[in-house]
Every structure is written in structure tokens, then in C-alpha cells.
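Reader: Could you take me through this structure step by step? I would like to ask questions as we go.

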Amino acid sequence: VNHNSSAIVGWAWDAGSSTVSNTDGSITSNVRANPTAGISIVSYTGNNAASGTIGHGLNAKPGMIIVKRTGTGGNDWGVYHSALGATKNIDLNNTGSASTTSGTWNNTEPTSSVFTVGTFDMVNASDTYIAYCFAPVEGFSSMGSYQGNGNADGPFVYTGFRPAWILYKRSDSSGNDWTILDSTRGPNNVIDEYLQASNSNAEASSTMFDFLSNGFKPRLTSAGHNASGGTYVYLAFASNPFKTARAR
């Protein structure tokens, strides 16, 4: 975070100003939430049982949830994504494809008040966990999927805003990293600077995406970004979010 003479990038979200105890689920959680922006941070202690429900404080169904076991090492980052559904899990820290399992989300879709965890240690051992929950907010955030066409003129993906930041991954095939693009490192199209959340590599450059006024368009044809017939999931945030803007 502060290496001498190194270039550093960071992304920050406003998740509210206070943490409260939440008893909406069978497992009590501590939640810091900003429902207007569709973002909450949740801490909880698992019950090591068949399943459990956990309050997230968003008052809307999350489109993406990222969970990490904090008390013990050796566990992956579990990801629920609405485009995949609760019967599948995909890990944030590796290149694997989405897997079908009940052990992560107990085959149960999150609701406007809780998300459900199954029996896997990565989400529900007798240990502590942190969860980052994101619900879609019109004009501010979008979670969805797209199908690649293998063409430099890639598919147009509608978000309803010009993105400032996108995290995406191919979900139907293994060997592909989670990629992050943003409009600060790449202010002009074609966006070419990228980082990958699932490895420790330095920033690299390639012809990646166009960020458009109401969405984005892949501009490369490789397997991890825009393969013909490939399925990709994404999380995107707006460059100029009107709905959640604060007066100055």
C-alpha cells in the first residue's frame, strides 16, 4: 500500500457511517450499510450447522456477495452472483469456473433482508467472516452477464451509465482471471490498463474495453474477455452517479 516510488491504485465505497447489530437472520451479524448506494459490509460468526441466514441491511436483494473467512487461513473467497444463481459459487481468488454446489449458498437466493450460507467452511464454520454485499441501484451500479462474440467489435453491454469501474470474469470455463478496469487509470477509449484480482501481477496493458455513455463493449477476442459463446459475469459502478450524488 505504500512502497517507495511505486504506483498505487485504490477503490473506495461509501458503506455508511455506523455499524449496527442485525438479527434478521438466524445468525446475528454486525452490519454497516448504505442502502441508497446498495452497499453493505457484514461481519458474522458461523454456526457450523447445516445452513444459516444472515442479515445484510440493504433492504434490497443483493446482486453480488463476496465472503471471506477471517479467523482461519486456507479458505477461498466465495462469490454469489445473481447471473449465476444460488446453486453456483465462483471464487474471487482463483481462475476456476463457476461450480454447482449447495455448500456455499444452500441453493437459496438472497432476499431483501438476508443471504443464506450452507455447510462449507469458506462461509459457515465456527469462525469469523466478512461479507461485502452489493445490490443494483439504477444509475449507480449494475451486476449482470454477457456472452462473448469473439470479435473486436464485441457485444454491447447495457448498464444505464458510463462505467468508472468494472470487475468481470468468465464463468463457464476455468483458467480465466477476474479482471478490473477503471476510468482513472484508463480515462480514454479504448481502455487498456488492467489489473487482475485473482493474481498478484503488476498492471498490464492491452486493447480491452470501450466505456460508453450507457454501458461498455469488449474490444478484444481472448478467452478471458470475449470468446465466442463464452459467458462472463460483471460488477460495474458509474462514473457520474446522479442518483447517489451528494450536494456540495
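Reader: How do the side chains of Asp210 and Arg219 meet?
Author: The side chains of Asp210 and Arg219 meet in a salt bridge, with 2.8 Å from N to O. A salt bridge is a side-chain nitrogen of Lys or Arg within 4 Å of a carboxyl oxygen of Asp or Glu. The model is a predicted one, in which local features need pLDDT of at least 70 and side-chain atom pairs count only at pLDDT 80 or more, while totals for chains, interfaces and linings use all residues. Residues are numbered from 1 along each chain as its sequence is written, and side-chain values use heavy atoms, with hydrogens and water left out.

Reader: Is Asp210 buried or exposed? And what about Arg219?
Author: Asp210 counts as buried because its relative accessibility is 9%. Arg219 is partly exposed, with a relative accessible area of 26%. Buried means under 20% relative accessible area, exposed means over 50%, and partly exposed lies in between (1.4 Å probe, protein chains only).

Reader: Which residues are linked with Asp210 and Arg219 in a network?
Author: Asp153 and Lys217 are linked with Asp210 and Arg219 in a network of salt bridges. Asp153 forms a salt bridge with Lys217, and the closest N and O atoms are 3.1 Å apart. This pair links distant parts of the chain, 64 residues apart: Asp153 is in the loop between β11 and β12, and Lys217 is in strand β17 (residues 215-218). Strands (E, at least two residues) are DSSP runs, numbered from the N terminus.

Reader: Why does Lys217 count as buried?
Author: Lys217 counts as buried because its relative accessibility is 14%. Asp153 is partly exposed, with a relative accessible area of 42%.

Reader: How many salt bridges are there?
Author: The count comes to eight salt bridges. One further pair is Asp182 with Arg185, whose closest N and O atoms are 2.6 Å apart. Asp182 is buried at 2% relative accessibility, and Arg185 is buried at 15%.

Reader: Changing topic: in what order do the strands of the open sheet come?
Author: Eight strands form the open sheet, in the order β11-β18-β13-β14-β15-β16-β17-β12, and the pairing is antiparallel. Two strands pair if DSSP finds at least two bridges between them. The edge strands, β11 (141-147) and β12 (157-158), each pair on one side only.

Reader: How many bridges pair β15 with β16?
Author: Strand β15 (residues 191-196) and strand β16 (residues 204-212) pair over three bridges in the antiparallel sense. Ile191 has Phe209 in β16 as its bridge partner.

Reader: What joins β1 to β2?
Author: A hairpin does, through six residues. β1 and strand β2 (residues 29-34) pair in the antiparallel sense over three bridges, and Val20 has Val31 in β2 as its bridge partner. Further along, six bridges join β2 to strand β3 (residues 39-45), and these two run antiparallel. Asn30 stands opposite Ser43 in β3. The hairpin of β2 and β3 has four residues between the strands, and Gly38 there takes a positive phi near 70 degrees.

Reader: What about the interior? Which residues touch the most other members of the largest nonpolar core?
Author: Met64, Phe134 and Trp178 do, in a core of 21 residues. A nonpolar core is a set of buried Ala, Val, Leu, Ile, Met, Phe, Trp, Tyr and Cys residues joined through side-chain atoms within 4.5 Å. β5 (64-69), β13 (163-170) and β18 (231-238) each supply at least two residues of this core. The largest share, three residues, comes from β18.

Reader: Which residues does Met64 touch?
Author: Not counting residues up to four places away in sequence, Met64 touches several residues, among them Val79, Phe134, Leu167, Trp178 and Leu235. Contact means heavy atoms within 4.5 Å. Another core, of 20 residues, lies apart from that one and includes Val31, Tyr80, Phe115 and Ala131.
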